[in-house]
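This report describes a protein model through its overall build, its pockets and cavity, and a few individual residues. Please consult the sequence and structure shown here alongside the text.

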Amino acid sequence: MEHSGTDFNILLATDSYKVTHYKQYPPNTSKVYSYFECRETKTENSKARKVKYEKTVFYGLQYILNKYLKGKVVTPEKIQEAKEVYREHFQDDVFNTKGWNYILEKYDGHLPIEIKAVPEGSVIPRGNVLFTVESTDPECYWLTNWVETILVQVWYPVTVATNSREQKKILAQYLMETSGNLERLEYKLHDFGYRGVSSQETAGIGASAHLVNFKGTDTVAGIGVIKKYYGTKDPVPGYSVPAAEHSTITAWGKDYEKDAFEHIVKQFPSVPVSIVSDSYDIYNACEKIWGEDLRSLIETRSADAPLIVRPDSGNPLDTVLKVLEILGKKFTPTENSKGFKVLPPYIRVIQGDGVDINTLQEIVEGMKEHKWSIENISFGSGGALLQKLTRDLLNCSFKCSYVVTNGLGVNVFKDPVADPNKRSKKGRLSLHKTPSGEYVTLEEGKGDLEEYGVDLLHTVFKNGTIIKTYTFDEVRENAKLKETELEELLH
């Protein structure tokens with residue numbers, strides 16, 4: 001699909017200062033080569049955080065390449081528009097009209113850069129190269145870091161997918177410990193984040209990143225992103241169930257909560273149905289309405305169509321434990337092979353309020369202490385899953401490591417005296433697996449020696465064309481929890 005002259009303008013999609021950088025490189029520079037990594041932190045600031053995020057999930061570059069970088073992205077109209085905007089913006093003529101006209105004429109508006117990246121879905125320890133970008137035409141040395149701005153926005157899907165996967169590890173550990181299997185693990189954390197993100201685009205990208213690890217979502221935007229930019233063997237990559245919100249309960253009036261519950265449960269007899277039960281008094285709802293008034297109705301439901309009781313206020317751990325305790329008095333639990341209590345298969349709980357990676361850990365730990373199996377519960381997370389994240393969480397950064405000036409290649413780096421964590425890598429980089437299966441980034445072009453075999457960075461983009469793509473099924477396969485990880489979790 002070629003871009004039309006009316007849409008997105010890559011000439012206006014960079015940090016202002018980059019517009020002036022072509023004048024700042026050493027004279028006779030003919031190549032700039034940069035790389036992206038999630039930097040390791042070795043000092044204090046990582047100690048404060050409960051979760052260390054030692055490995056990251058690489059995901060989302062394919063979306064950016066397809067949506068913004070491929071095809072004819074430079075047109076005379078776009079050059080003219082940029083020229084006018086920057087003339088006013090800088091109150092000076094600093095825009096590189098000549099450089100962009102060169103790209104328009106020589107490459108028909110296709111970008112002369114090459115991007116190499118690890119496969120999408122790869123789980124890579126912090127501090128390794130994830131992708132590299134270099135100019136492929138000596139006239140366009142300045143283009144490499146022009147596209148930094150848009151490429152570094154991959155921090156967002158990377159961070160959502162990484163954080164979501166860490167939560168999957170917690171759920172896997174406690175599900176295994178309290179039930180002996182991982183059944184329905186991929187439905188344990190449901191995306192409630194649509195309204196909690198900053199835009200429709202964020203919703204689509206973030207929801208798709210969560211679906212790398214799980215299959216439950218209420219953020220419909222993610223489905224379209226995956227279908228359009230990745231593709232799956234399944235008709236859809238994410239699933240949901242009928243569920244009540246407060247308005248569909250409170251619209252009945254305070255004295256008719258039971259009628260609301262009964263009506264909604266009967267509307268959806270053959271699929272799971274989630275009903276928010278804290279409009280007035282969650283404990284009364286569990287004990288009296290579900291546990292007595294509608295008990296026989298609930299008992300007729302099947303394991304495939306349970307009632308899912310949803311508390312939505314109060315301290316998450318305390319509320320979950322109290323709800324389980326009340327429901328357990330009314331609907332007699334069984335004891336599973338691991339000695340943990342499981343409610344009858346026709347009734348379950350979902351906690352969708354105040355859930356982030358830390359409260360999730362607290363809730364499942366508290367349930368385990370009180371001998372409740374994780375089989376009883378699933379979680380919904382919104383703002384914490386898709387919005388309460390920044391580029392700093394995984395220290396996502398893009399740095400120049402190699403330039404060619406006067407025909408000579410030079411390995412370059414930064415090493416700020418006040419922050420050793422910000423030291424960058426030198427030279428041309430490659431990513432390898434050692435014989436013991438560890439990842440290692442080789443600097444200064446040492447990957448050419450092929451000590452550790454082939455480079456794991458593959459060319460995904462060259463001169464305006466997408467060279468390699470991954471299906472969403474491949475992404476999920478690459479990101480799945482490995483046996484060794486599960487063993488570590490369960491020591």
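## Terms and basis

In the classification of lining residues, Ala, Val, Leu, Ile, Met, Phe, Trp, Tyr, Cys and Pro count as nonpolar, Asp, Glu, Lys and Arg as charged, and the others, Gly among them, as polar.

The model is predicted, and local features therefore need pLDDT of at least 70, side-chain atom pairs count only at pLDDT 80 or more, and totals for chains, interfaces and linings use all residues. Residues are numbered from 1 along each chain as its sequence is written, and side-chain values use heavy atoms, with hydrogens and water left out.

## Overall build

The protein has 17 helices and 18 strands; helices (H or I, at least four residues) and strands (E, at least two) are DSSP runs, numbered from the N terminus. Along the principal axes, its C-alpha atoms fill a box of roughly 85 × 50 × 45 Å. Of its 491 residues, 54% count as buried, where buried means under 20% relative accessible area, exposed over 50%, and partly exposed in between (1.4 Å probe, protein chains only).

The accessible surface comes to about 21,900 Å², and carbon and sulfur atoms account for 49% of that area; the areas come from the Shrake-Rupley method with a 1.4 Å probe, and for residues only the protein chains shown count as cover. Among contacts with a separation of 6 or more, 76% join residues 24 or more positions apart, a contact being heavy atoms within 4.5 Å.

Pockets and cavities are found on a 1 Å grid over the protein atoms alone: a cavity is a set of points where a 1.4 Å probe fits but cannot get out, and a pocket is an open set with protein on both sides within 12 Å along at least five of seven lines; lining residues have an atom within 4 Å of a point. Grid points are joined across faces, edges and corners, and a volume is the space filled by probe spheres set on the points. The largest pocket holds about 1,300 Å³ of space. Its lining has 46 residues, with H190, V241, I308, I350 and S378 nearest the centre. At least two lining residues come from each of β8 (307-310), β11 (347-351), β12 (377-381) and α15 (383-386), and β12 gives the most, with 4 residues. By type, the lining divides into 17 nonpolar, 17 polar and 12 charged residues.

The second largest pocket contains about 440 Å³ of space. Among its 16 lining residues, V51, E54, E166, K169 and L489 lie nearest the centre. Helices α6 (155-179), α14 (357-369) and α17 (483-490) are the elements that give two or more residues to this lining. Its composition is 5 nonpolar, 3 polar and 8 charged residues.

The structure holds 1 cavity of 30 Å³ or more, and the largest cavity has a volume of about 40 Å³. Its lining consists of L61, Q62, L65, N66, E120, V460, I466, K468 and Y470, which divide into 5 nonpolar, 2 polar and 2 charged residues.

Helix α1 (residues 61-69) supplies the largest share of this lining, 4 residues. The helix is mostly covered, with 8 of its 9 residues buried, namely L61, Q62, Y63, I64, L65, N66, Y68 and L69. Just after α1, G71 takes a positive phi of about 80°.

## Two buried loop residues

S373 lies in the loop between α14 and β12. It counts as buried because its relative accessibility is 0%. Its side chain makes a polar contact with the side chain of E375 at 2.7 Å; such a contact is a pair of N or O atoms within 3.5 Å, where within protein one must be able to donate a hydrogen and the other to accept it, and residues adjacent in sequence count only if both atoms are side-chain atoms. Leaving aside residues up to four places away in sequence, S373 touches T178, S179, N336, F340, K341, V342 and M367.

L389 is in the loop between α15 and β13 (396-405), and its 10% relative accessibility is why it counts as buried. Although L389 and N163 are 226 residues apart along the chain, their C-alpha atoms are separated by 9.0 Å. With residues up to four places away in sequence not counted, L389 touches W155, T159, V160, N163 and A384.

## A partly exposed strand residue

G409 is found in strand β14 (residues 408-411) and counts as partly exposed because its relative accessibility is 47%. Apart from residues up to four places away in sequence, G409 touches Y402, V403 and V404. G409 and Q351 are 58 residues apart in sequence and 56 Å apart in space, C-alpha to C-alpha.
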